[in-house]
Amino acid sequence: MDVIVIGAGVSGLAAARELRRRGHDAVVLEARDRIGGRIHTLRPRGWPVPIELGAEFVHGKPPALRALAKAREVEGELYGDRLVPQGKLWESTLEKVSRLLAGRERSVRDALESPRWRAQTTPAERQLAAAYLEGFNAARLDRASLKAIAQQIAAAEKIQGDRIARIPGGYDIVPRRLARGLRIELDSKVREIRWTRGSVRVLAYRRTWEARTAIVTVALGALQGRSLRFAPALPRWKQEAIDALAMGPVLKVALLFKRAFWPPDLGFLLAQAEVPTFWRPLPSRAPVLIGWAASRKHDALRGKDPVAAGLRSLEQATGERQRPLRSLFVDWERDELSGGAYSWVPVGAMPAQRALARRVGPLLFAGEATHFDGACGTVHGAIETGLRAASEAAKLLGRSRRP
């Protein structure tokens, strides 16, 4: 082969698709029995809508996604505990958060506790800001980089990131379209990558593959877990970059009820509870709620029943005790092939993103954690890194052969 792509998430699929367009032979090796990686759409019997265990929203209008799926923008009111509307509080909080992010590099927690921020905000705004920044980024606020989050918000503003949309038929249409015509080997977990200056040998559990170069798109959490061996070992600077970044733990709970017991215009519900965030799978009107617990909220649920925690949280927020008809949950931290939902940047670790993306001999690296321009943690960011790595691979190969 010309190129071996390791991982059939959207980054690996985008890379292989671009290489095929350029006339290069590529094979995609995937450890799972499915493509998509952290995009995982289920259509379980008895549920009125597809359930997204992984990526769910399209934030803004990213060019890398617009050609692959038709997303429908969703709008709804934000509610808090006891179903009190929080729209005005949300707007004022976001406006003040934008000012907070203009500061020097430090942890988000330090910025939130600064006298200047406290003088400009109400207790309710401070509480909402902290919950939003930690939950959305799945990051520990005492470690998360203020500068990195500012970069991400600035990048989102360029693509109208405040507008959110969903793909009603299921997010898995994105990896399925990327995969068309590609050679993909499922159930092919890679054990070791042996490399020299100009060649790569990849040892999977069922067979060995050889190529001139390889693109590694496995999740940051898998790289940190050292389940994938490199021979010779990766240079120290690369390993330090891997270890400098972090993966965000996320638990999602899907609940199907007999009837809706929330206001008809509800879009999101923010609760001071074990599971702090819920949303409806709009534009569907099905009586389904999706719960989200990230970072420390996720950690506090270890050893507990996620469904029971979600129901307690809803009872606290709405004042109604309900029993679901069906339920599902996923804990991305427990997924050995990802080790979390998506990456985040600790204080001072922004250069590690760029280092993680750098080539090592014939080895190229892609995936959302390697995006250093503000789109880490996003589907469109992962796709963009796959295209970048494919371009780098084509330059290494030094030729463009048409089929």
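The second largest cavity is lined by I51, E52, L53, K252, V253, A254, I290, L328 and F329. A cavity here is a set of points, on a 1 Å grid over the protein atoms alone, where a 1.4 Å probe fits but cannot get out; lining residues have an atom within 4 Å of a point. The model is predicted, so local features need pLDDT of at least 70 and side-chain atom pairs count only at pLDDT 80 or more, while totals for chains, interfaces and linings use all residues. Residues are numbered from 1 along each chain as its sequence is written, and side-chain values use heavy atoms, with hydrogens and water left out.

Strands (E, at least two residues) and helices (H or I, at least four) are DSSP runs, numbered from the N terminus. Strand 16 supplies the largest share, 3 residues. By class, the lining has 7 nonpolar, no polar and 2 charged residues. Ala, Val, Leu, Ile, Met, Phe, Trp, Tyr, Cys and Pro count as nonpolar; Asp, Glu, Lys and Arg count as charged; the others, Gly among them, are polar. The volume of this second cavity is about 30 Å³. A volume is the space filled by probe spheres set on the grid points, which are joined across faces, edges and corners.

How many cavities of 30 Å³ or more does the whole structure hold? The search finds 2.

Next come the pockets. A pocket is an open set of points with protein on both sides within 12 Å along at least five of seven lines. The second largest pocket holds about 260 Å³ of space. It is lined by 14 residues, with G60, K61, R66, A71 and A165 closest to its centre. Helix 2 (63-66) and strand 8 (164-166) each give two or more residues. The lining has 8 nonpolar, 1 polar and 5 charged residues.

Last, a helix pair. Helix 1 (residues 10-21) packs against helix 14 (residues 379-397) at an angle of about 40°, with their axes 7 Å apart. That makes helix 1 oblique to helix 14. Axes are lines fitted to C-alpha atoms, for helices over the stretch in contact, and angles run from 0 to 180 degrees between N-to-C directions. Angles under 35 degrees count as roughly parallel, over 145 as roughly antiparallel, 65 to 115 as roughly perpendicular and the rest as oblique.
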